Amino acid sequence: MSNFGRFAPSPTGPLHVGNLRTALLAWGSAYTHGAQFIVRFEDLDQHNASRTHATEQLDDLLLMGITSCEVPVCQSERFDLYRDAIATLTARGLTYECFCTRREIAKAVAAPHGAQVLYPGTCRELTAGERAAKREVRPGAVRLRADGAMAAFEDYVWGAQSGAADDVVLQRNDGVPAYNIAVVVDDAAQGITEVVRGDDLLSITATQVYLQQLLGVATPRYGHVPLVVGPDGERLAKRHGAVTLAELADMGVSPDEVRETLWASAGQHGDVVDWNAVPREPWVAPWSHA
Ligand SMILES: [Zn+2]
């Protein structure tokens with residue numbers, strides 16, 4: 001069986017140079033480790049996703065020299081797989097219904113800005129009668145009953161990591177499967193052996209690893225890459241100016257120049273990825289403005 005790396009963008013707009021930098025490391029790392037590489041589209045939120053954006057993203061990846069060795073799958077076409085996994089967990093008593101709104105959760109948890117907010121457990125021990133009453137008001141979401149389980153994993157950038165699994169939402173209250181179950185099911189189904197992505201997902205990884213353990217699937221190696229930011233230190237966004245390949249081309253910056261700059265910014269020189277050389281700090285995109 002071959003090994004696979006992957007890049008899994010949401011097709012909700014053009015990729016920016018932060019996405020492309022992570023994709024280059026994911027691609028380079030897969031080939032460094034003798035793995036093949038696939039692109040997958042994380043389009044659970046179908047309101048903002050489109051085929052046009054997906055096609056444009058593949059075009060931009062190609063300009064970076066990145067191709068998918070399989071036709072990219074779309075999460076929006078795989079709901080049955082995710083629902084099977086949720087049903088498996090539910091049959092084992094590992095889920096519960098949650099009726100909280102975002103606002104109610106925010107009120108129940110006073111977390112410092114930027115810290116990971118764990119679900120406060122409001123609905124964890126509801127009685128059948130309480131659940132029935134709440135269902136009259138609004139349909140419930142389905143959460144993982146993690147019971148504060150700890151999970152550990154290896155990260156190319158951050159080394160040995162461990163954390164508490166959160167009672168994440170597995171199915172939203174509109175019936176749509178949620179990101180954390182979809183990503184775990186897809187990585188397992190596609191034989192993904194290494195996951196390289198932005199380090200904004202580092203804190204949720206323990207939960208995904210715990211889900212892998214519950215579902216009896218392998219845990220990949222992870223590489224959480226520090227984000228690309230604007231000069232104001234905020235995550236790179238449209239307001240920072242030229243952040244996409246098309247915008248940079250308008251400024252006279254070629255895709256090759258972008259690729260070389262991104263590769264060097266990640267501490268890389270040859271074709272082989274040296275994870276020890278990847279900076280641990282966010283990188284300020286040189287083409288951006290405050
Ligand atoms: Zn709740």
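First, a rule I need: the expected span of a helix is 1.5 Å times one less than its number of residues. The model I am reading is predicted.

**Entry: helix α3.** I applied the rule to α3, residues 79–91. Its 13 residues should span 18 Å at 1.5 Å a residue, and the end C-alpha atoms are 18 Å apart, so the two values agree.

I then asked which residues of α3 are buried. I found Y82, A85 and I86. Looking down the axis of α3, I saw these buried residues fall within an arc of 95 degrees, so they line one face of the helix. On the face turned away from that buried side, I noted the exposed residues D80, D84 and A91.

What covers the buried residues of α3? My list includes the strands β4 (95–98), β5 (141–144) and β8 (169–171). It also includes the helices α6 (179–189) and α7 (205–215).

Just after α3, I noted G93, which takes a positive phi of about 75 degrees.

**Entry: the two domains.** I looked up the division of the chain. Domain 1 takes 4–77 + 226–284, and domain 2 takes 78–220. Their centres, taken over C-alpha atoms, are 26 Å apart. The contact takes 21 residues from domain 1 and 19 residues from domain 2.

On the domain 1 side of this contact, β1 (4–7), α1 (17–32) and β2 (36–41) each supply at least two residues. I noted that α1 gives the most, with 5 residues. By class, that side has 12 nonpolar, 5 polar and 4 charged residues.

Terms used: Residues numbered from 1 in each chain as written. Predicted model: local features only at pLDDT ≥ 70, side-chain atom pairs only at ≥ 80, totals over all residues. Domains from an automatic or database assignment. Contact = placed C-beta atoms within 7 Å. Helix = DSSP H or I, 4+ residues; strand = E, 2+ residues; numbered from the N terminus. Nonpolar A, V, L, I, M, F, W, Y, C, P; charged D, E, K, R; others polar. Buried ≥ 20, exposed ≤ 12 C-beta atoms within 10 Å, placed from the backbone. Arc of directions from axis to C-beta.
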